[in-house]
Amino acid sequence: MLTLAVQKSGRLTKKTLKLLDECDINLQNGEKAKLKTRADNFDLEILFMRDDDIPEVVYDEIADIGVVGENVFLEKNRDVKIIKKLGFARCRLSIGIPKDQEYNGIQDLDGKKIATSYPEILKSELTRRNINAEIHEVSGSVEIAPGIELADAVFDIVSTGSTLRSNGLKEVETLSRSEAVLIGRKTPLGKDQKTLDELLFRINAVMKASNRKYILLNAPNESIEEICNILPGMKSPTVMPLAEKGWSSIHSVISEDDFWKNIKKLKELGAEGVLTFPIEKMIL
Ligand code: ATP
Ligand code: ZN
């Protein structure tokens with residue numbers, strides 16, 4: 001059976017379980033399972049644990065694959081590989097300094113003391129930029145370090161910047177970015193490889209569909225050609241005559257961005273009764 005390690009409780013948990021659900025994989029006990037659970041319609045076992053332990057258990061072959069932030073994958077530096085970027089839990093890893101301190105560029109960090117829970121990532125990012133700073137490893141509450149004079153700056157995960165701000169810090173430099181990734185061991189999976197391939201096929205179908213909508217509208221026949229150019233769809237749009245003469249119904253697929261970019265133009269071309277629907281899966 002293929003074994004997947006998932007964060008037990010944290011920022012990755014809900015979205016990972018949602019992704020499995022969208023892949024139509026049903027877990028016994030769902031979110032209530034404590035340590036491990038199985039899928040009842042897929043050859044998959046799930047182990048729940050702290051995200052920090054996931055690269056290690058994949059390396060040790062206790063799990064075959066796992067979902068972690070790219071930051072944890074990089075920091076733990078185990079000999080495992082990224083199989084697929086999953087597009088959620090996006091964040092950046094940035095330098096923060098006290099808000100009234102002047103900042104003229106990365107060279108200002110030379111000789112400074114920087115507190116972080118990601119010493120490995122920080123070390124490699126600073127080396128790449130030829131900066132020599134002292135790295136002070138802390139395991140939590142990194143943001144308070146400058147306030148208690150433990151460090152001159154911090155290096156930590158930022159998404160909105162509000163944690164930095166509420167600790168009197170400002171974000172001055174992004175050194176690295178992260179999103180959730182599916183990692184796997186480098187050694188052969190044997191017969192479980194087939195299950196992994198099937199899982200990846202489903203994940204791809206769900207991810208392709210995720211920012212696309214099914215669009216359906218009515219249009220006067222003379223606009224069909226121009227509307228079809230705006231809505232190219234997967235192969236080409238479906239055009240069906242309406243009961244009312246001179247009108248057709250057009251069905252297609254459109255990205256959310258393109259929908260908002262083009263809706264005014266579609267209206268100008270005479271489109272009426274525009275409906276959009278979420279798409280669950282998309283296989284090209
Ligand atoms: P654990 O108890 O499992 O060790 P944790 O406290 O280390 O959990 P979380 O805070 O749940 O970890 O974050 C898990 C991952 O989610 C991080 O490693 C990072 O990749 C991502 N992440 C963290 N903070 C944010 C954020 N504010 N926005 C988006 N993604 C984030
Ligand atoms: Zn953690």
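Buried means under 20% relative accessible area, exposed means over 50%, and partly exposed lies in between, with a 1.4 Å probe and protein chains only. By that scale Asp79, at 44% relative accessibility, counts as partly exposed.

This is a predicted model, in which local features need pLDDT of at least 70 and side-chain atom pairs count only at pLDDT 80 or more, while totals for chains, interfaces and linings use all residues. Residues are numbered from 1 along each chain as its sequence is written, chains are lettered from A and ligands numbered from 1 in the order in which they are written, and side-chain values use heavy atoms, with hydrogens and water left out.

**Salt bridges**

A salt bridge is a side-chain nitrogen of Lys or Arg within 4 Å of a carboxyl oxygen of Asp or Glu, and by this rule the count comes to 19. Three of them are set out here.

| Pair | Closest N to O |
|---|---|
| Asp79 and Lys186 | 2.5 Å |
| Glu256 and Lys213 | 3.2 Å |

Asp64 and Arg185 are both buried. Asp79 pairs with Lys186, and this links distant parts of the chain, Asp79 being in the loop between helix H3 (70-76) and strand E5 (80-85) and Lys186 in the loop between E11 and H6, 107 residues apart. In the pair of Glu256 and Lys213, Glu256 belongs to helix H8 (residues 256-268) and Lys213 to strand E12 (residues 212-220), 43 residues apart; helices (H or I, at least four residues) and strands (E, at least two) are DSSP runs numbered from the N terminus. Glu256 is partly exposed at 31%, and Lys213 is also partly exposed, at 22%.

Asp51 is buried, with 17% relative accessibility, whereas Asp52 is partly exposed at 27%.

**The cavity**

A cavity is a set of points on a 1 Å grid over the protein atoms alone where a 1.4 Å probe fits but cannot get out, and its lining residues have an atom within 4 Å of a point. The structure holds 1 cavity of 30 Å³ or more, and about 60 Å³ of space lies in the largest cavity. Among the residues lining the largest cavity are Leu4, Thr16, Val67 and Ile203, and helix H1 (13-22) gives the most to that lining, with 3 residues.

How values were computed: 1 Å grid on protein atoms, 1.4 Å probe; cavity = no way out; pocket = protein on both sides within 12 Å on 5 of 7 lines; lining within 4 Å. Points joined across faces, edges and corners; volume = space filled by probe spheres on them.
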